[in-house]
Amino acid sequence: MIKLQSLTRISLRVFAALLGPGLLAYLVFRAGPVFVWEQVQVVGWGFALIITLGGLSQLIRTCAWRQTITYDIRGLRWSRSIGAQLVSDACGQLGFTGKLLGEGFRVSLLTPAVPLDRGLSSCVIDGGLHLLTAALVAALGLSITLLHFSLSGQWRVYSLLLAAVLIAVVVLAAVAVTRGWQLMGNVVRALGRVPQLHNWVISRQPIIDSAEHNLLTFRRVAPTAFWASLIFSLLWHAVAVLEVYVILHFMGAKVPLVGAVALEGLTKVINLVGAVSPGNLGTYEGGNMLIATTFGMTATAGLTLALCRRAGSIFWAAVGAVCMIVMKRAEWGKAAVWARAESRASS
């Protein structure tokens, strides 16, 4: 029975891993590989600009994250900070589990310049502010779509409901930070009343409460750093909007800047829905095709937009992988030197 359960879990993981690439291959096949390749070629040297914007977004995200480290970081080099951000982002390309793994790598690469507890706290604060601003941009994108673009009755209702939910989440989060409400901790404690989840909640409750406390008190403890991090997070989303606008410009699509904002906002909704898929592979491209047709473009244009943006992400993920190898090799080298020194001292 145990072997059967283990085999079932493995089969489900393999199926989930293959579902994304299979869906992406199907979408490319339906759109026509030759036509998609022609669309990609139209972008041409614009790929260099896409890569540059990707690097700028990584730098901005690093600036936002460094603001959340409530510790003296004069000993933390910028090169190490950017390298840790690239490593975290590279792992995050693998989906939710990859994001957790990436945050672990990011914290470990901060030591010994930053204590472990401060590193964990900074990741929680940075992640919370990033999600808050992403929800704000998504709500803005949905609102622009409702006001400036014609949607069918059914899609208009769905968009209106989703926009209302996102706006409510943003308002509730802002009030929680202002009033110090421990919403996450209370929700987890409520879940702990379920017998099947009780032990899991009890073991993790102190960590969750500590992380939420750090997030809620950050604005009061370091107001300047809070607003700086929030502004950098919004600037990161602005660069993402600019990336959409640039790609569509090279493709010859006549989409105004306000349309690029709406596209990016809807894309964030797609990212949320596709979070269960490893790397959001297939669901991201399919969602962009659906959004493109909603905005009066062809589905192939939406697929090309998604593929161009993914190519930029893959480039910087590869850079992150190289950074992880270099940084870890340096750490192993130092550990080996210290081990040899201790061995000589003891002898």
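**Group meeting: helices in a predicted model**

Helices here are DSSP runs of H or I, at least four residues long, and strands are runs of E, at least two, numbered from the N terminus.

Some housekeeping. This is a predicted model, so to speak of a local feature we need pLDDT of at least 70, and side-chain atom pairs count only at pLDDT 80 or more, while totals for chains, interfaces and linings use all residues. Residues are numbered from 1 along each chain as its sequence is written, and side-chain values use heavy atoms, with hydrogens and water left out.

Back to H2, residues 33-43. Which of its residues are buried? Val 36, Gln 39, Val 40 and Val 43 are. Buried is under 20% relative accessible area, exposed is over 50%, and partly exposed is in between, with a 1.4 Å probe and protein chains only. Looking down the axis of H2, those buried residues fall within an arc of 100 degrees, so they line one face of the helix. That arc is taken from the directions from the helix axis to the C-beta atoms. As a reminder, an α-helix has 3.6 residues a turn, so residues three or four places apart point the same way. On the other side of H2, Val 34 and Trp 37 are exposed.

Next, a helix pair. The axes of H4, residues 78-92, and H5, residues 96-108, come within 7 Å and cross at roughly 165 degrees. Axes are lines fitted to C-alpha atoms, for helices over the stretch in contact, with angles from 0 to 180 degrees between N-to-C directions. H4 and H5 are therefore roughly antiparallel, a label for angles over 145 degrees. On the H4 side the contact (heavy atoms within 4.5 Å) uses Ala 84, Gln 85, Val 87, Ser 88, Cys 91 and Gly 92, and on the H5 side Gly 98, Lys 99, Gly 102, Glu 103, Phe 105 and Arg 106.

Last stop, H13, residues 299-346, where we find Ala 311. Ala 311 is partly exposed, at 34% relative accessibility. Ile 50 is 261 residues away from Ala 311 in sequence, yet they sit 9.0 Å apart, C-alpha to C-alpha.

Is Arg 309 buried or exposed? Buried, with a relative accessible area of 9%. Leaving out residues up to four places away in sequence, Arg 309 touches Ala 240, Glu 243, Val 244, Ile 247, Glu 264, Thr 267 and Tyr 284.

Conventions. Angles under 35 degrees count as roughly parallel, over 145 as roughly antiparallel, 65 to 115 as roughly perpendicular and the rest as oblique.
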